[in-house]
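Hi,

Here is the structure I promised to pass on. Please have a look at it first, and then read on for my notes on its side-chain contacts.

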Amino acid sequence: SPGTMSGSGPDAPQPGSVEESGLQEAERDWAAAKAFYDNLVTKRPRPPKPQHAITVAVSSRALFDLVEERRIYEEQGVEKYVEYQQENENVTLKPGPAFHFVKALEHVNARLLELYPDDEERFDIVLMTNNHAQVGVRLINSINHYGLTIERFCMTGGKSPVGYLTAYLTNLYLSADSEKVQEAIEAGIASATMFTANKDVAYSDTQLRVAFDGDAVLFSDESEQIVKEQGLDKFFEHEQLNENKPLAQGPLKGFLEDLGKLQKKFYAKNERLNCPIRTFLVTARSAASSGARVLKTLRSWGLEIDEALFLAGAPKGPILVKIRPHIFFDDQMFHIEGAQKLGTIAAHVPYGVAQKYQKSA
């Protein structure tokens, strides 16, 4: 009848009936299976529950070097691409731009598990790829070859991953596909397009090092709009007038917040001097003219940044060489390209007014 809820109509199992007994037995079987799974013992750490984890979704082209495979896909089509991947599934893929960053995340996880064995607040790396499932074996073989702990896969078979990013409660999405990154940013997910460095450099094995630009990355692009539309003098004047008004948050503020939460877990165990996470602000702002508002904004958010470098318009590449971050986030492609040339793995955040100027250029 209209308005009758499922399970309450004349066809619903009656108390004491064979159907009800069958449902109860199925529920008991499910509960027993779940209890068995929950009690399984393994030396491998289990992925944390998504609601507790800091979920970093990485595409296959960000994690591995798939330049040749991409060429086959573009020139010969998807069937030849899948065939090639299957024929080479025992050939280990080389590291891609996000590889060292993922390795550093896993080192942080290992340290957290030593200090907090029952805590699930740690990184969970998800392979989020629009590859077809037939390619999965090669990806799994390569992940196991390098000893990575990536248990969650999402292979969308050519479809957009953005809906899955939301379902996985993604905190950060890294991809080599700028269109998918733009789509994710517009959906409110912290995202960046990965670019390989042009030189090989050594990265720290014991400390995750993350460098952020300020405006349109950690902060909104309100100040950058003034620079573009009214010039530097008006920008300096605006920043000094608004020194005590916190900047609005940008797309990567949440990820810095996540890093800060994990840092505090190490500080609580008297590990501040041995903390496996270090954060850097690398901004084109001038310290005297426009730096105070940035530092006061971070303070108002309750966030610490380990090192703040105000470059007053100087190139960022030489400073990044000294920092050697596993990843550097910036919204302007000329900073990304300058970092790349000198060996820094950079990630472009397509957010804010700078994107309009880059497209018109």
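By about how much of the helix are E257 and K253 separated in helix 11? The two are separated by about one helical turn, because they stand four residues apart in that helix. Please keep in mind that this is a predicted model.

The side chains of E257 and K253 form a salt bridge, with 3.4 Å from N to O. E257 is partly exposed, at a relative accessible area of 31%, whereas K253 is buried, at 10%. K253 has another contact too: its charged end sits over the ring of W301, 5.0 Å from the ring centre.

On salt bridges in general, the structure holds 22.

- R71 and E75 meet in a salt bridge of 2.7 Å, N to O. Both residues belong to helix 3 (residues 67–76), where they are four residues apart, about one turn of the helix. R71 is partly exposed, with a relative accessible area of 33%, and E75 is exposed, with 56%.
- E271 and R111 are joined by a salt bridge of 2.8 Å, N to O. E271 lies in the loop between helix 11 and strand 7 (277–283) and R111 in helix 5 (residues 99–115), so this pair ties together parts that are 160 residues apart in sequence. R111 counts as buried, at 12% relative accessibility.

Now for the aromatic rings. The count comes to eight aromatic pairs. One of them is F235 with F236, a tilted pair with 5.5 Å from centre to centre and 50° between the planes. F235 is buried, with a relative accessible area of 5%.

Another pair is F255 with F329: the ring centres are 6.5 Å apart and the planes stand at 70°, so the pair is edge-to-face. This pair links distant parts of the chain, since F255 is in helix 11 (residues 253–267) and F329 in strand 9 (residues 327–330), 74 residues apart.

Happy browsing, and do write back with any thoughts.

Best wishes

Note on methods. Residues numbered from 1 in each chain as written. Predicted model: local features only at pLDDT ≥ 70, side-chain atom pairs only at ≥ 80, totals over all residues. Heavy atoms only, no water. Phe/Tyr/Trp six-rings, centres within 6.5 Å; stacked < 30°, edge-to-face > 60°. Buried < 20%, exposed > 50% of the residue type's maximum accessible area, 1.4 Å probe, protein only. Lys NZ or Arg CZ within 6 Å of the ring centre and 35° of its normal. Salt bridge = Lys/Arg side-chain N within 4 Å of Asp/Glu carboxyl O.
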